[in-house]
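This briefing is meant for a reader who is meeting the structure for the first time.

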Amino acid sequence: MLSCYFTTIGFYFSSLISVLGIYVFLYGQLYLVLSGLEKALLIEARMKNTESLETALASQSFIQLGLLTGLPMVMEIGLEKGFLTALKDFVLMQLQFAAVFFTFSLGTKTHHFGRTIMYGGAKYIPTGRKVVVFHASFTENYRLYSRSHFVKGFELLLLLVVYDLFRRSYQSSMAYVLITYSVWFMTMTWLFAPFLFNPSGFDWDKIVDDWKGWNKWIKEKGGIGIQQNKSWQSWWNDEQAHLRRSGYGARLFEILLSIRFFLYQYGLVYHLDISQQSKNFLVYMLSWVVILAVFLTVKAVNVGRQLFSARYHLMFRFFKAFLFLSVFAIVITLSVICELSSKDLLVCCLAFLPTGWGLILVAQAVRPITENTGLWQFTEVLAKAYDYGMGSILFSPIAILAWLPIISAFQTRFLFNQAFNRHLQIQPILEGKKKQK
């Protein structure tokens, strides 16, 4: 029965439970560190000279490396070809980033299986059966993996950063590493694995073309007959197809899932120095006033672009400069009067960015109401800003690594065999000779 379970629905269900467990673990750790429970427990343990936490984590870290789950494969290859060959194959798989690939595929299975359970409407995405040796553009990678991997990777990254920021005063770095290193590996894998396995992904000429194509895709307007790969607007509307065909129950569940971002904001705003350790609910309400002011600023810039950018360029630049100076003056005033620190600015960014994304998800879930209130266009502008920001953050380290020729050569070497690798190295030389002729 167990074999029947895991060869049918069980494999996908177990993958979903594994990823959900990571989310529950991180949000639970965040609750402990923000509420002060973890600090109190660790201080009490140190007073009693109890070091059981580090000992337990060190003993289980070996299992979390994935070595135990790879043991059946090593035993199977060992029985067929010998244990020395099995050990060599296992080490070779790790050098070829097999763990990265299967961790990324775990996110693919989890996202689409979970979405199908919630909303239905499973569909087949034709990818072909041939060996992929062509370069996929940055736009295509973002379009395919944004909602399934990148958004979730950024959420996990923010949780890890916030947890590290508030635990430093009482917890050792070794304990933090033992607790979170496996989650860090999964986060980095979900964010950068498509570019690692993308042929010529670190070639500088292709990086330049990708950046131009990315900006063109973001700015192109969508509409009837405009494909997803041509316009961000068309892609964004198609990404909400599962909500349009779902019922009220699924939409309500989507809203309930989005509440985690607001609870996350609630926990962070009370740790601001400007709040002066106040536990009054008014502090949380004032954080929403700040978010509203930011949204109004973005709305003002968008309206100003529509009214003045076409004919009155100078006036529009003065308008943006006025807004920038006003915000800067407010920050300086709060720093002097209310003791707003640089840490507060960092914590505000970490708190308000997920809140904005949660508001976008809620607006998408209640799209008919959002359209009737006239806020849908603003939601679209905000969503485009988030996508452009996430894409720029992902693109930056790739562009930096593309400056180093050795990175591109190393990627080509581990992706392809020796004969095809030699062909890729000779091909630019031949193309240069053709251009000279």
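Two residues are in contact when they have heavy atoms within 4.5 Å. Among contacts in the chain between residues at least 6 apart in sequence, 75% join residues that are at least 24 apart. This is a predicted model, in which local features need pLDDT of at least 70 and side-chain atom pairs count only at pLDDT 80 or more, while totals for chains, interfaces and linings use all residues. Residues are numbered from 1 along each chain as its sequence is written, and side-chain values use heavy atoms, with hydrogens and water left out.

**The chain as a whole**

- The chain has 20 helices and zero strands, where helices (H or I, at least four residues) and strands (E, at least two) are DSSP runs numbered from the N terminus.
- Of the 437 residues in the chain, 36% are buried; buried means under 20% relative accessible area, exposed means over 50%, and partly exposed lies in between, with a 1.4 Å probe and protein chains only.

**Aromatic rings**

- The structure holds 31 aromatic pairs, a pair being two rings of Phe, Tyr or Trp (its six-membered ring) whose centres lie within 6.5 Å, with planes under 30 degrees apart counted as stacked, over 60 as edge-to-face and the rest as tilted.
- In one of these pairs, tryptophan 217 and tryptophan 235 have ring centres 5.5 Å apart and planes at 55°, so the pair is tilted.
- Because tryptophan 217 lies in helix H10 (residues 204-219) and tryptophan 235 in helix H11 (residues 232-238), the pair ties together parts that are 18 residues apart in sequence.
- Tryptophan 217 is buried, with a relative accessible area of 2%, and tryptophan 235 is buried too, with a value of 0%.
- Both tryptophans belong to one aromatic cluster, whose members include Phe138, Tyr142, Trp211, Trp214 and Phe395.

**Cavities**

- The structure holds two cavities of 30 Å³ or more; on a 1 Å grid over the protein atoms alone, a cavity is a set of points where a 1.4 Å probe fits but cannot get out, and its lining residues have an atom within 4 Å of a point.
- The lining of the largest cavity has six nonpolar, four polar and one charged residues, where Ala, Val, Leu, Ile, Met, Phe, Trp, Tyr, Cys and Pro count as nonpolar, Asp, Glu, Lys and Arg as charged, and the others, Gly among them, as polar.
- Tyr27, Glu155, Leu158, Leu159, Phe261, Tyr264 and Pro354 line the second largest cavity, to which H8 gives the most, with three residues.
- By class, the lining of the second largest cavity has six nonpolar, no polar and one charged residues.

- Helix H13 (248-269) is, like H8, a helix that supplies at least two residues to the lining of the second largest cavity, and the buried residues of H13 include Phe261, Phe262, Tyr264 and Gln265.
- H13 has 22 residues and reaches 32 Å from its first C-alpha to its last, close to the 32 Å expected at 1.5 Å a residue, where the expected span is 1.5 Å times one less than the number of residues.
- The 13 residues of helix H6 (residues 83-95) should span 18 Å, and its end C-alpha atoms are 18 Å apart, which agrees.

**Single residues**

- Tryptophan 288 is found in helix H14 (residues 281-308) and counts as partly exposed at 24% relative accessibility.
- Leaving aside its neighbours within four places in sequence, tryptophan 288 is in contact with Phe262, Gln265, Thr355 and Leu359.
- Threonine 370, in helix H17 (residues 367-372), counts as buried at 7% relative accessibility.
- Most residues other than glycine have a negative phi. Serine 200, in the loop between helix H9 (173-196) and H10, has a positive phi near 55°, and phenylalanine 97, which follows H6, has a positive phi near 60°.

Conventions
1 Å grid on protein atoms, 1.4 Å probe; cavity = no way out; pocket = protein on both sides within 12 Å on 5 of 7 lines; lining within 4 Å. Points joined across faces, edges and corners; volume = space filled by probe spheres on them.
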